[in-house]
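Look at the structure first, then work through the points.

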Amino acid sequence: MVRNFPPGGMDPRLLALRAAVDRLRRDLRAYPATLADREVAERELSALDGMHAAGVPDTALLGQSLLLIAAAVGSVSALAPGVHQLRQAIELFGVPHQRIQPGRPIIR
């Protein structure tokens, strides 16, 4: 398959991932309340940054990072738009959107 990249040759999926990571990182920094797992979210955002720098990332690692970030920020409505943008960017790599049903264990 041939992909047409914009001038400069950058994969638009990587650009979307970079923008989403940057936005969520800014939103997280601006969120004043204590989050028990803030460090987990920050670590995973750094990992996503590293994946971005290395080229097209592994989809399994993208999905795992997204789940960890979503769990770390919980249901904080102020961070929801940034998490949503990140999910959309990760889905561009073919990582399917999966809903976790209450009461069912997560299988890894």
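Helix α1 passes α4 in a left-handed crossing. This is a predicted model.

**How α1 and α4 pack**

- Two packed helices are described by the angle between their axes and by the distance between those axes.
- The axes of α1 and α4 cross at roughly 160°. They come within 9 Å.
- Angles over 145 degrees count as roughly antiparallel, so α1 is roughly antiparallel to α4.
- Which residues of α1 meet α4? They are A16, L17, A19, A20, V21, R23, L24 and D27.
- On the α4 side, the contact involves P81, G82, V83, Q85, L86, A89 and I90.
- The residues of this contact divide into 11 nonpolar, 2 polar and 2 charged.

- How many salt bridges does a search of the whole structure find? It finds 7.
- One of them joins D22 and R18, with the closest N and O atoms 3.8 Å apart.
- Why are D22 and R18 about one helical turn apart? Because they are 4 residues apart in helix α1, which covers residues 12-30.
- D22 has 29% relative accessibility, so it counts as partly exposed.
- R18 has a relative accessible area of 33%, so R18 is partly exposed too.
- The side chains of R23 and D27 also meet in a salt bridge, at 3.3 Å from N to O.
- R23 and D27 both lie in α1, 4 residues apart, or about one turn of the helix.
- R23 is partly exposed, with a relative accessible area of 27%.
- R23 and D27 are also among the α1 residues that meet α4.

- E91 and R87 form a salt bridge through their side chains, at 3.1 Å from N to O.
- Both residues lie in helix α4, which covers residues 80-91. They are 4 residues apart, about one turn of the helix.
- Is E91 buried or partly exposed? E91 is partly exposed, with a relative accessible area of 27%.
- R87 counts as partly exposed as well, at 24% relative accessibility.

How values were computed. Residues are numbered from 1 along each chain as its sequence is written. This is a predicted model: local features need pLDDT of at least 70, side-chain atom pairs count only at pLDDT 80 or more; totals for chains, interfaces and linings use all residues. Side-chain values use heavy atoms; hydrogens and water are left out. A salt bridge is a side-chain nitrogen of Lys or Arg within 4 Å of a carboxyl oxygen of Asp or Glu. Helices (H or I, at least four residues) and strands (E, at least two) are DSSP runs, numbered from the N terminus. Buried means under 20% relative accessible area, exposed over 50%, partly exposed in between (1.4 Å probe, protein chains only). Axes are lines fitted to C-alpha atoms, for helices over the stretch in contact, and angles run from 0 to 180 degrees between N-to-C directions. Angles under 35 degrees count as roughly parallel, over 145 as roughly antiparallel, 65 to 115 as roughly perpendicular and the rest as oblique. A crossing is left-handed if the near helix is turned anticlockwise from the far one by less than a right angle, and right-handed if clockwise. Contact means heavy atoms within 4.5 Å. Ala, Val, Leu, Ile, Met, Phe, Trp, Tyr, Cys and Pro count as nonpolar, Asp, Glu, Lys and Arg as charged, and the others, Gly among them, as polar.
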